[in-house]
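Dear colleague,

Please find below the structure for your review.

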Amino acid sequence: MPINPTPVSKREINTNCKATVSSVVNLIDAKYSFNDLIISQKLKEKLLELISYENNKKLIFQEWGLSRVLPQKGLSVCLYGESGTGKTMCAHAIANCIKKKMLIVNYAEIESKFVGETSKNLVRLFLEAKQNDAILLFDEADALLSKRVSSMSTASDVSVNQTRNTLLKLLDEYEGIVIYTTNFAENFDSAFARRIFAHINITLPDENGRKALWEHYLVSSLPINNREETIQELSQVDGITGADIANIVLRAAIKLSVSEKKEIHCEDLIGYIQDCLNTKSLTKDKFIYETRKVSKEYIQEKIGK
């Protein structure tokens with residue numbers, strides 16, 4: 001195939017750059033509000049503090065004069081915790097509350113195999129977020145904010161450090177909102193950790209939270225044997241997330257649809273809880289807590305049977 005000798009114009013380059021970024025990010029409206037979240041009051045208060053900062057910057061920095069001693073910067077937040085605890089939903093609720101769109105980014109999608117291209121993609125990404133007054137949401141952010149390479153021996157090492165340094169500069173200058181979600185906050189480079197305004201741990205639900213989640217997903221039209229007693233007993237089993245409960249209820253409903261039973265029984269749900277906890281043990285994910293393989297006897301002991 002012959003090479004086209006016609007020079008590429010600056011306009012074509014800018015168009016292609018914009019297309020590159022637009023193809024790997026999604027500008028969307030927030031899908032969830034605080035009414036959709038089942039979280040503790042303490043966590044809700046922490047999230048509302050962030051919203052208060054964004055809504056009251058003029059009061060804080062101008063009327064109260066903090067601009068004389070502190071730079072008025074954008075808001076950079078890290079939501080960390082185990083998978084399925086609702087980190088992304090919390091990010092959506094923040095965006096919904098302050099009425100901003102979201103640019104959702106997966107670092108793997110903007111990373112380039114060509115040295116230097118990833119840094120350029122980040123620059124374009126922040127520019128697009130600024131132009132749309134959108135919240136930047138980096139999912140699985142540990143891939144982006146991990147420690148820089150101290151002993152560079154390959155072009156890849158140079159590119160990694162170049163990307164990290166570019167992002168540090170962008171964060172220092174950016175006045176918008178950036179939210180990171182991660183399961184592995186301990187992998188962050190200390191330079192990034194210092195620049196993040198707030199690190200908020202989205203923890204596993206407590207007993208009251210689990211009860212609210214079971215009540216939410218075990219909808220009234222779903223046939224449940226001894227509904228109130230079942231929910232009360234299931235709520236006592238810890239170590240599971242809202243996403244786990246949603247999956248457990250769905251599995252139980254699917255089984256009921258092909259079963260001769262007319263109702264879902266507590267022991268059906270207990271069996272799926274056991275499967276869930278055993279799977280967590282197999283993943284050996286010790287980020288939040290020490291996982292272990294549990295028996296049916298353990299679960300029965302927890303719910304007082």
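Which residues form a nonpolar patch on the surface? Leu66, Val69 and Leu70 do, with about 270 Å² of accessible area together (Shrake-Rupley method, 1.4 Å probe; patch residues have over 30% relative accessible area and no salt bridge, and nonpolar side chains are joined within 5 Å). Val69 counts as exposed because its relative accessibility is 64%, where exposed means over 50%.

This is a predicted model, in which local features need pLDDT of at least 70, side-chain atom pairs count only at pLDDT 80 or more, and totals for chains, interfaces and linings use all residues. Residues are numbered from 1 along each chain as its sequence is written, and side-chain values use heavy atoms, with hydrogens and water left out.

The structure holds one cavity of 30 Å³ or more (on a 1 Å grid, a set of points where a 1.4 Å probe fits but cannot get out; lining residues have an atom within 4 Å of a point). About 40 Å³ of space lies in the largest cavity, and its lining comprises eight nonpolar residues, no polar ones and one charged. Leu50, Ile51 and Glu54 are among the lining residues.

The largest pocket (an open set with protein on both sides within 12 Å along at least five of seven lines) contains about 560 Å³ of space. Of its 28 lining residues, Ile38, Ile39, Thr85, Thr203 and Pro205 are the closest to its centre. The second largest pocket contains about 350 Å³.

Yours sincerely

Key:
Patches are made of residues with over 30% relative accessible area and no salt bridge: like charges are joined within 9 Å, nonpolar side chains (Val, Leu, Ile, Met, Phe, Trp, Tyr) within 5 Å. A salt bridge is a side-chain nitrogen of Lys or Arg within 4 Å of a carboxyl oxygen of Asp or Glu. Buried means under 20% relative accessible area, exposed over 50%, partly exposed in between (1.4 Å probe, protein chains only). Grid points are joined across faces, edges and corners, and a volume is the space filled by probe spheres set on the points. Ala, Val, Leu, Ile, Met, Phe, Trp, Tyr, Cys and Pro count as nonpolar, Asp, Glu, Lys and Arg as charged, and the others, Gly among them, as polar.
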